[in-house]
Amino acid sequence: MAEPSTPPPAAAATSGLAGLEERLFVFFDKRSRRRLVQGLLVLAAVSIPLVGDSYLLEILTNSFFYIVLCLGLNIVVGYAGLLDLGYAAFFAVGAYTTGILTSQFDWNFWLTIPAAVFFSIIAGVIIGGPTLRLRSDYLAIVTLGFGEITRIAARNLKELTGGASGLIGINRPSFFGLELNQIHHYYYVFFILVLLAVFVSFRLQHSRLGRAWQYVREDEDAAEAMGIDRVAVKLYAYVIGAVFAGVAGCFFAGKMTAISPETFQFMQSATILMAVVLGGMGKIPGMIVGALALILFPEIFREIGSVRMLVFGVVLVMMMIFRPQGIWPERRN
Amino acid sequence: MTILDIIIQQLTNGLILGSFYSLVALGYSMVYGIIKLLNFAHGDIYMVGAFVGFVILSFVSTLLGDGWLGILPSMILAMTAVGFLGVLIQRIAYRPLLSAPRLSILIVAVGVSLVLFNSVMVVTIGEYKAFPSGLGYEGITMGHVHITYTQMVMVGATAVLMIALHLFIAKTIYGKAMRAISIDMDACRLMGIDVNKIIALTFFVGSSLAAAAGVMAGVYYGSIHFFMGFVIGLKAFTSAVIGGIGSIPGAMLGGLLLGLLESFGTQLPWVGTEWKDVFAFGLLILLLVFKPTGILGRTEIERM
Amino acid sequence: MKRIGLLLTMTALAALLAAGPAAAEIKVGIMVPTTGSEATYGKDMENAIKMAVDEINAKGGVLGRKIATFTGDDGCDPQMATAAASKIVSANVDAVVGGYCSGATLPTLKIYADAAVPIVIPAANSTKFIDLNPGNAFLINSIGTYQVDTAVGLFKKLGVKKIAIVHQGDGYSEDLASLTQKEWTKMGNEVVAFEVVNKGEQDHSALVTRIKSKAPELVFWTAYYADGALIIKQLRQGGYNGKIAVGDGSTDAKLMEIAGKAAEGVYALANPLPEFLGEGQKFIDAYKAKFKTSPGPYSALSYDGMHLLADAIQRAGSTDKNKIAAALKATQGFKGLSGPVTFTDKNLLARSNFVVLVVKGGKFTLVN
């Protein structure tokens, strides 16, 4: 607990920005105040569709979608400390499961979600199982390779996936007879997904497993010496991350009604990773800030368009060197 | 074409492809050997090398023509320039993080890759550029097999570069220092070796070799673009792993082997060109899982 | 979000100052990729549309009202395209001209349909539009099947039997490739190789050997010039002496720039390029004078699209969106730069506009 009356010696030397951070922390340290701010944010998010136009809703829905993906990747990269460069592959598994089952086998959209969870787990185990024993940098390249294999397979397995053109005309989901076909429907659907993802992430972070991840991340050998099965613990992170992306993928397919392999290129994985790093690995509010920054920044500064990824790359490098904890500040206690 | 024709043709093709893989793989392996960094941006260094060569050759060719007389000095200039770029990247992005967690430096490497890739994309507006070299495709024809003089020069140039690198590492004091650092960096520091200087030198040499490959690819294929480094980066890494990452002869061998495997693999009736990359990445994954030390790599006890 | 609001207000204000009372303006959305790998094509289209708008406004506009444009960047990506379409719809446009990449354009049709906004599509021409058009999209480029007809017609005329088809693994070129394969085998001929290469790949030696070993009389490349040029070059380098044909995505002067002399004698299918059109030279000159660059392959069609829309609004006599759509549907032989426009009952161009060119002396020339 930082006490306002006696600032720690380091704080005296910090810049004005850090001082502001410090004060904000003190302000939000009270649980009741934090709850109030969270409540206000949720209320604001719920009421936006009443005032915003469809463009604003489209952008925010897209941000929500990336928040879910970021929270999922955060479990792998932030909690367990594993660099995954092929995260888009899991998102593809979910999207294609829904796409194929609804368009070719006439499944109901909602039934495809458990199927997507199942296939995401399988994919997570297949990719993670043999590779999680590897050193972290090998793991990074293996996940990258798997990401590419998934995309190429989606392109080549024409009968099932529609080949390079992908699946077009996927049925939109209905909810108690209401076809979800307006952007504000999806706004709320993805908002609920975000709430769910935040809740699950929060519970995981503070669970036994969450602590095990932290130990493994900080010192793998020590964690093992303490009786943690490091491969199993990593595999859990990997598979749970895969499920997040898989479920998000289902809703993505339902909203877009069209999916093609091009959506799942390496750049997609890199973009999600970037948001995670920018926001601050391991921190839930950081994921929200990171994903929002990633989507809103290019929309607000439309002119920079093609320079967008360049700017993000530079920011990514500078961030790791000067502020490795990300935009969202570290909690100090 | 008879089976024999196909074999000879693919042997040539595989050697050419393998030469490019080897040259890029060397940079991966050298950097990995010395600071245990998987330099993701290395494929993009190859791409930048091609573009630097493109710019230089555009000027040089007005003086010396667009044949080998113009290409050779352009290539040397590009190698030098890109070598310094490699050093600059190492100085700015990697050195501050050498003692940070492995994850941080890996993410920075991805970031550097994005910066290089997108810079070139912005400058070229995403267009393909025709490489201004004027080499013909005259060569030797044996039956259905056609091998151009350019192809022979490519393989020859790769061999020369590799021999030079081998001599540099085996015979010079700098090479000795590199080998020493890869074994124990802290001990080297205590022995008075300027570790930072040697690391910078490693990046210089690795980047130059990638640039050489980039320029050669431009000359050989005749067109370059901003994302040409992505797939070759992955393939070169695969090559480095096949040979045993950290091992210089391993990188050379791995590159040639992958080039040949790919060339022959795609001629199998049931593989087809559309599964070519799956073939290469699948091989990489299997290797990493079952024999992560590769053919010539040292057994690694350390675990991360 | 404030910034967007501010930006919009400022744009509106600027438009107000430039063109008098804002209420009198007809707002037309432009949806093209202005960033990403296809940005060059998108800019060429946007330029041509704006040129048409300037011409219309100089003559007093439509129904006595000036036309104002509003551009949304689809980035040739389905996700970006849906955002762009929402942005355009939210800007309260009366109609839209645009759509270059089929894959990015298809998911936006629903968004436009929900807002009843009619869209004139100058470039995108996947056969998927036949089934997925909600009724508000009007395609003024011939769809893929016509290109297939032109292609197999050409192959037949050249007297070949065995062909190889190569595509690039994207929706557009795969579509053209498999439709051609189907049509060609139906005619009793043989497709000896059906291959795919990755975009941006440089080494095609394995493909060349594979093709040579199957000895086709003609190789048909269905994708774009950048990779096509490399393949043509490597086929010739590798000693392939048969004929080569390319689809409309490859019909670009850059093909010759990259492939050099290897491109000689290559047959190319093309949309109406301005240089081969009656009034084309005038268009090219005006375009060059205005934008200091040559028009792209879809500039003429985009220019036509805007003029067609203005014509339809004139005929509709109002900017009621349903009336504009009805007027577009009723178009009969509208005289465009690239030929007359009449729609089928599926709102597709009722004729093939494909022509066959051949590379001669480093230039495309018309084949009769």
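User: Before we look at anything, what counts as a nonpolar core?

Analyst: A nonpolar core is a set of buried Ala, Val, Leu, Ile, Met, Phe, Trp, Tyr and Cys residues joined through C-beta atoms within 7 Å. The idea behind it is that in soluble globular proteins, nonpolar side chains tend to be buried together. Keep in mind that what you have here is a predicted model.

User: Okay, so how many residues does the largest nonpolar core have here, and which of them have the most contacts inside it?

Analyst: That core has 328 residues, and the ones with the most contacts inside it are Val68(A), Cys70(A), Ala237(A) and Ala248(A). Helix 4 of chain A, residues 54-79, supplies the largest share of the core, 18 residues. Chain C takes part too: domain 1 and domain 2 of chain C both give residues to this core, so it lies between them.

User: Can we zoom in on one of those? What does Ala237(A) touch?

Analyst: Leaving out residues up to four places away in sequence, Ala237(A) touches Ile75(A), Val76(A), Tyr79(A), Ala80(A), Leu82(A) and Trp213(A).

User: Now the chain contacts. How do I read the one between chain B and chain A?

Analyst: Start with who contributes, then ask what kind of residues they are. Chain B puts in 34 residues and chain A 33 residues. On the chain B side, the elements giving two or more residues are helix 4 (102-124), helix 9 (228-243) and helix 11 (276-290). Helix 4 of chain B gives the most, with 15 residues. By class, that side of chain B has 25 nonpolar, 5 polar and 4 charged residues.

User: What about a single helix? Is helix 8 of chain B largely enclosed or largely open?

Analyst: A general point to begin with: an α-helix has 3.6 residues a turn, so residues three or four places apart point the same way. In this case, 22 of the 27 residues of helix 8 of chain B are buried, so that helix is largely enclosed by the rest of the structure. Helix 8 of chain B covers residues 195-221 and reaches 39 Å from its first C-alpha to its last, close to the 39 Å expected at 1.5 Å a residue.

User: Last one: how do I read strand 13 of chain C?

Analyst: Look at its faces, then its partners. Strand 13 of chain C (residues 355-360) has Val355(C), Leu357(C) and Val359(C) on a covered face, with Val356(C), Val358(C) and Lys360(C) on an uncovered one. Strand 10 of chain C (residues 267-270) runs antiparallel to strand 13, joined by 4 bridges, and Leu357(C) is the bridge partner of Ala268(C). Strand 14 of chain C (residues 363-366) is also antiparallel to strand 13, with 4 bridges, and Lys360(C) stands opposite Lys363(C). The hairpin of strands 13 and 14 of chain C has 2 residues between the strands, and Gly361(C) takes a positive phi near 60° there.

How values were computed:
Residues numbered from 1 in each chain as written. Chains lettered and ligands numbered in written order. Predicted model: local features only at pLDDT ≥ 70, side-chain atom pairs only at ≥ 80, totals over all residues. Contact = placed C-beta atoms within 7 Å. Nonpolar A, V, L, I, M, F, W, Y, C, P; charged D, E, K, R; others polar. Expected span 1.5 Å × (residues − 1). Buried ≥ 20, exposed ≤ 12 C-beta atoms within 10 Å, placed from the backbone. Domains from an automatic or database assignment. Pairing = 2+ DSSP bridges.
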